[in-house]
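Dear colleague,

Please find below the structure for your files.

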Amino acid sequence: MKGLLRAVWNGLLLRCPECRREALFTGPFRMRPACPRCGCPVEREAGYFIGAIYINYAATVALCLSGFFALDWLAAPSLAVQLTIWPAVGVAFPLYFFRYARSLWLNVDHFVSPPPASPRLRRS
Ligand SMILES: [Zn+2]
């Protein structure tokens, strides 16, 4: 459990899952192909980051639904106001969360099934 929490934390820090030092991204939406320090591959195969899309979608739905009901409970705005706010959040939040979703997916997947060349596997 501790290792999984460390993987999630490392994912939120947008760092390499192997050495936990290097940044995974070189730009807002650009990932490195591999870690420059340890050589850990970032995209193992085509379509590897489909899981990140699920993470991003789940986080967006959770935010919009909980935000809708929380705002309704706290301030009771009109439905028109709610329908202005939450679709905009539903479009903007996935763009912001894109890097985190990919990093979370990569780090948790690396924890669950490290690549064959991983030093973590060579040690055991
Ligand atoms: Zn690394």
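Phe97 and Tyr100 both lie in helix α3, three residues apart, about one turn of the helix. Helices here are DSSP runs of H or I with at least four residues, and strands are runs of E with at least two, numbered from the N terminus. This is a predicted model, in which local features need pLDDT of at least 70 and side-chain atom pairs count only at pLDDT 80 or more, while totals for chains, interfaces and linings use all residues. Residues are numbered from 1 along each chain as its sequence is written, and side-chain values use heavy atoms, with hydrogens and water left out.

Aromatic pairs

Rings of Phe, Tyr and Trp (for Trp, its six-membered ring) are paired if their centres lie within 6.5 Å; planes under 30 degrees apart count as stacked, over 60 as edge-to-face and the rest as tilted. By this rule there are eight aromatic pairs. One of them joins Phe68 and Phe69, whose ring centres are 5.2 Å apart and whose planes stand at 85°, so this pair is edge-to-face. Phe69 is exposed, with a relative accessible area of 54%, whereas Phe68 is partly exposed at 23%. For these terms, buried means under 20% relative accessible area, exposed means over 50%, and partly exposed lies in between (1.4 Å probe, protein chains only).

The pair of Phe97 and Tyr100 is stacked, with 6.0 Å from centre to centre and 25° between the planes. Phe97 is buried, at a relative accessible area of 13%. Ring pairs also link Phe93, Tyr96, Phe97 and Tyr100 into a cluster.

Charges: salt bridges and rings

A salt bridge is taken as a side-chain nitrogen of Lys or Arg within 4 Å of a carboxyl oxygen of Asp or Glu. The count by this rule is two salt bridges. One is formed by the side chains of Arg37 and Glu22, at 3.3 Å from N to O. Both Arg37 and Glu22 belong to the loop between α1 (2-12) and α2 (50-74), and the two are 15 residues apart. Arg37 is partly exposed, with 48% relative accessibility.

The side chains of Arg44 and Asp109 form a salt bridge as well, again with an N to O distance of 3.3 Å. Arg44 lies in the loop between α1 and α2 and Asp109 in helix α3 (residues 79-112), so this pair ties together parts that are 65 residues apart in sequence. Asp109 is buried, at 15% relative accessible area, while Arg44 is partly exposed, at 30%.

Two arginines are also placed over aromatic rings. A charge is said to sit over a ring if NZ of Lys or CZ of Arg is within 6 Å of the ring centre and within 35 degrees of the ring normal. Arg102 has its charged end over the ring of Phe49, 4.3 Å from the centre, and Arg99 lies over the face of Phe25, 5.1 Å from the ring centre.

Annotated spans and buried residues

An unreviewed UniProt entry places the feature "transmembrane region" at residues 54-73 and 79-98; UniProt positions are given in the numbering used here, feature names are shortened, and annotations may be inferred rather than shown by experiment. In the model, residues 54-73 are 100% helix and 0% strand, with the end C-alpha atoms 28 Å apart. Residues 79-98 are likewise 100% helix and 0% strand, and their end C-alpha atoms lie 29 Å apart.

Asn56, in helix α2, is buried at 10% relative accessible area. Not counting residues up to four places away in sequence, Asn56 touches Pro94, Phe97, Phe98 and Ala101, where contact means heavy atoms within 4.5 Å.

Gln82 lies in helix α3 and is buried, with a relative accessible area of 1%. Its side chain makes a polar contact of 2.6 Å with that of Trp86. A polar contact is a pair of N or O atoms within 3.5 Å; within protein, one must be able to donate a hydrogen and the other to accept it, and residues adjacent in sequence count only if both atoms are side-chain atoms. With residues up to four places away left out, Gln82 touches Phe68, Leu71, Asp72, Pro77 and Pro87.

Leu24 is in the loop between α1 and α2 and is buried, at 3% relative accessibility. The C-alpha atoms of Leu24 and Leu14 are separated by 5.8 Å, although these residues are 10 apart along the chain. Beyond its neighbours within four places in sequence, Leu24 has contacts that include Leu14, Cys16, Val42, Ser103 and Leu106.

With kind regards
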